[in-house]
Amino acid sequence: MSSAPLRSPTLRPHRMKKDESFLGKLGGTLARKKKNKEVSDLQEEGRHAINSPMSPASADIHPEDTLLEENEERTMIDPTSKDDPKFKELVKVLIDWINDVLVEERIIVKQLEEDLYDGQVLQKLLEKLAGCKLNVAEVTQSEIGQKQKLQTVLEAVHGLLRPHGWALQWTVDSIHGKSLVATLHLLVSLAMHFRAPIRLPEHVSVQVVVVRKREGLLHSSHVTEELTTTTEMMMGRFERDAFDTLFDHAPDKLSVVKKSLITFVNKHLNKLNLEVTELETQFADGVYLVLLMGLLEDYFVPLHNFYLTPDSFDQKVHNVAFAFELMLDGGLKTPKAHPEDVVNLDLKSTLRVLYNLFTKYKHLE
């Protein structure tokens with residue numbers, strides 16, 4: 001009697017549906033448990049690789065850091081390095097610098113690797129620093145679109161840095177992969193190239209854990225990555241000279257030197273009805289330097305070779321660099337200054353360049 005309802009055809013479909021639902025849930029649960037176990041196993045494998053006897057310290061490993069393809073490599077900063085006060089200072093200084101530069105854009109960066117990986121903030125930063133406009137989509141959500149944008153931005157960065165001998169220690173994949181080390185290398189190079197008004201902590205190094213998958217197994221190693229050296233080395237400074245001594249020990253004589261150089265440059269620029277009263281500002285765009293070289297060497301400089309009315313940092317740097325080339329062609333030594341120093345109104349650098357001209361051409365009438 002009790003089994004009759006089970007044989008009822010009207011109840012069977014309902015019972016089957018219930019069974020299928022239960023089996024489906026059970027199957028889904030098992031599948032999820034299996035997947036979670038795979039991730040857990042991979043995560044544990046990654047932790048074991050990091051914590052192996054060859055590895056002196058542990059690192060925070062996320063599941064995505066262990067799901068690697070064969071021969072794929074991933075890097076992460078050892079936690080002990082992240083706690084280093086100088087490393088924290090470097091990160092803070094760079095974040096504050098970016099936020100100061102982009103304050104008008106209402107962009108606030110909180111985490112470098114998380115906020116810069118898609119190229120959006122890097123685009124705005126480069127456009128602001130270089131005074132240029134990049135031809136890229138404003139907003140892109142897809143990974144392909146983000147990498148294309150990042151590629152365009154980094155190509156523009158490389159175009160600025162390569163001619164000055166900067167080592168490019170980052171790639172599209174490393175930046176988009178949120179590598180903090182690669183992001184820091186990029187930002188330090190940009191800050192140095194554009195003579196950012198910040199003081200980067202010197203001799204900052206980090207221990208980097210490198211995880212690579214070979215023959216299905218994860219292998220790790222530790223390497224020391226140098227992020228900053230000394231300010232002088234990063235800025236490409238030259239050895240101390242008479243101007244260093246002048247600024248440090250005889251500032252009272254500075255006005256005499258400036259007056260002599262102003263007299264010298266005006267003696268030639270007056271031929272074009274031009275006159276200089278402030279050395280540090282009037283040579284900053286490179287125009288007077290180019291024209292002065294033409295006057296000193298007695299040739300006309302074609303206007304298409306430089307920007308007569310530069311309106312961006314990059315154009316000014318181009319002008320000063322071009323003037324330096326003319327100086328080399330004229331037999332002068334390489335100026336003990338960088339074009340960016342002159343553009344950034346560094347008086348000592350401007351005086352070095354002009355004094356270089358003065359010593360060779362002071363005899364000209």
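Helices (H or I, at least four residues) and strands (E, at least two) are DSSP runs, numbered from the N terminus. The model is predicted: local features need pLDDT of at least 70, side-chain atom pairs count only at pLDDT 80 or more, and totals for chains, interfaces and linings use all residues. Residues are numbered from 1 along each chain as its sequence is written, and side-chain values use heavy atoms, without hydrogens and water.

**View 1. Helix H13, residues 254-269.** H13 has 16 residues. Buried residues (under 20% relative accessible area, 1.4 Å probe, protein chains only) of H13 include Leu261, Phe264, Val265 and His268.

**View 2. Helix H7, residues 120-130.** Nine of the eleven H7 residues are buried, so the rest of the structure largely encloses this helix. Among them are Gln123, Lys124 and Glu127. The cover over the buried residues (contact: heavy atoms within 4.5 Å) includes H5, H6, H8, H9, H10 and H16. Glycine 131 follows H7, with a positive phi near 65°.

**View 3. The open sheet S1-S2-S3.** Its three strands pair antiparallel (pairing: at least two DSSP bridges between two strands). S1 (73-77) and S3 (217-226) are the edge strands, each with a single partner, so one side of each has no neighbour in the sheet. Neighbouring strands are turned by 25° against each other on average, direction ignored (axes are lines fitted to C-alpha atoms).

**View 4. S1 against S2 (residues 205-214).** Five bridges join these antiparallel strands. Methionine 76 has valine 209 in S2 as its bridge partner.

**View 5. H10 across the sheet strands.** H10 lies across S1, S2 and S3.

Terms used
Expected span 1.5 Å × (residues − 1). Buried < 20%, exposed > 50% of the residue type's maximum accessible area, 1.4 Å probe, protein only. Axes fitted to C-alpha atoms, helices over the stretch in contact; angles between N-to-C directions.
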